[in-house]
Amino acid sequence: MITANSPRPHPPLWQQALRAAFSKPASLLEFLELDPELPELALSRVADFPLRVPRGFAARMRKGNPKDPLLLQVWPRAAEDAAHPDFIRDPVGDLDKLGQGGVIHKYRGRALVVATGACGVHCRYCFRRHFPYADATASRSRWQLTLQRIADDPSIEEVILSGGDPLSLSDDKLAEFAEALEFIPHVQRLRLHTRQPIVLPERIDQTFMDWISRGRLDKIIVLHANHANELDEAVAEALRPLSALGVTLLNQSVLLAGVNDSVPALAALSKRLLACGIVPYYLHMLDKVAGSTHFEVSEHRAAALLRELHHCLPGYLVPRLAKEEPGQPAKTLLSW
Ligand SMILES: *Cc1c(COP(=O)(O)O)cnc(C)c1O
Ligand code: SF4
């Protein structure tokens with residue numbers, strides 16, 4: 001007999017796709033028809049944060065181009081080994097804030113739950129690459145503690161699942177958590193911060209749609225795409241039904257040198273997001289995490305880009321320029 005707690009007989013397709021992701025630099029280069037001898041492809045030591053690129057995401061990279069904007073986001077370039085005193089392991093100060101049950105309480109009215117450390121893709125600019133997830137996340141055994149902390153604090157209207165990538169968790173676990181939240185009267189909204197639907201659109205399957213469309217909570221998904229080429233037809237098709245279900249889709253990007261630090265790239269991204277039913281929400285300054293100096297764009301240049309963007313796009317396609325500052329109760333918005 002299959003009960004609610006039995007494991008599924010077959011892993012869902014998305015989990016199979018995740019297992020088939022590129023993890024060896026040489027295999028990715030071969031797939032992209034790139035010469036491993038090219039100096040710009042020289043590797044850093046990747047022991048602490050290995051390569052991970054789903055095949056569908058790699059298929060959106062242009063073959064033979066070592067400067068492809070999608071490749072640059074995932075390729076462990078030798079420049080990662082460059083040290084800089086301003087680039088540190090926990091630039092956002094989250095390690096200080098992480099409480100029991102994986103709950104970070106730094107935004108008013110919102111509880112940020114670090115649900116898992118796993119991700120569908122490994123982004124080289126990510127501040128979470130040095131995060132001690134194994135100790136910190138709200139693993140299933142600790143869901144009860146997480147829920148208790150949310151229930152005990154009536155100021156929490158919104159629960160934000162973050163990570164890592166919360167959609168690395170199975171739908172059984174996510175649905176169980178969402179159902180439990182339904183019983184906490186002061187919780188109104190459930191928000192997911194995820195890059196998974198972008199890098200692995202297979203993730204948005206019927207099982208996911210079933211639980212996300214149930215219940216009284218408003219659902220918000222904050223996606224993470226940095227370049228228009230990431231949003232191919234497969235991604236658009238995966239996301240359209242979510243909008244139709246009333247899920248609010250927003251996007252946050254990171255401003256990355258060589259990837260999207262030009263007016264044409266940012267304008268194309270905003271337009272493509274809208275065509276997929278996603279509102280451009282934040283454009284983040286890079287968090288100064290060790291190993292990411294080569295992605296940095298100055299605030300001065302960021303402001304100039306935004307001013308130009310504002311001149312050529314409708315206001316709703318211009319994202320808010322923001323940065324994370326340790327100890328602040330919200331993101332800092334940068335004026336331009
Ligand atoms: C910025 C951020 C928030 C808070 O963002 P608002 O949209 O300003 O509420 C919450 N969670 C994560 C992961 C964030 O990056
Ligand atoms: S947390 Fe987001 S940005 Fe960081 S590696 Fe995972 S998917 Fe990439």
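Four strands, β2 (110-114), β3 (158-162), β4 and β7 (279-284), each contribute at least two residues to the shell around ligand 1; strands (E, at least two residues) and helices (H or I, at least four) are DSSP runs, numbered from the N terminus. The model is predicted: local features require pLDDT of at least 70 and side-chain atom pairs pLDDT 80 or more, while totals for chains, interfaces and linings use all residues. Residues are numbered from 1 along each chain as its sequence is written, chains are lettered from A and ligands numbered from 1 in the order written, and side-chain values use heavy atoms, without hydrogens and water.

The residues surrounding ligand 1 include Tyr 107, Leu 112, Ser 162, His 193 and Glu 324, each with a heavy atom within 4 Å of the ligand. Oxygen atoms of ligand 1 lie 2.5 Å from a side-chain N or O atom of Arg 110, 2.7 Å from one of Tyr 282 and 2.9 Å from one of Lys 331. Taken alone, ligand 1 exposes 390 Å², of which the protein buries 88% (Shrake-Rupley method, 1.4 Å probe).

Attention now turns to a loop. His 186 lies between α8 (171-182) and β4 (189-194). His 186 is buried, with a relative accessible area of 18% (buried means under 20%, with a 1.4 Å probe and protein chains only). A polar atom of the His 186 side chain lies 2.9 Å from the backbone oxygen of Ile 150, and the backbone oxygen of Asp 153 lies 3.1 Å from a polar atom of that side chain.

Key: Buried < 20%, exposed > 50% of the residue type's maximum accessible area, 1.4 Å probe, protein only. Polar contact = N/O pair within 3.5 Å; in protein donor to acceptor, adjacent residues only side chain to side chain.
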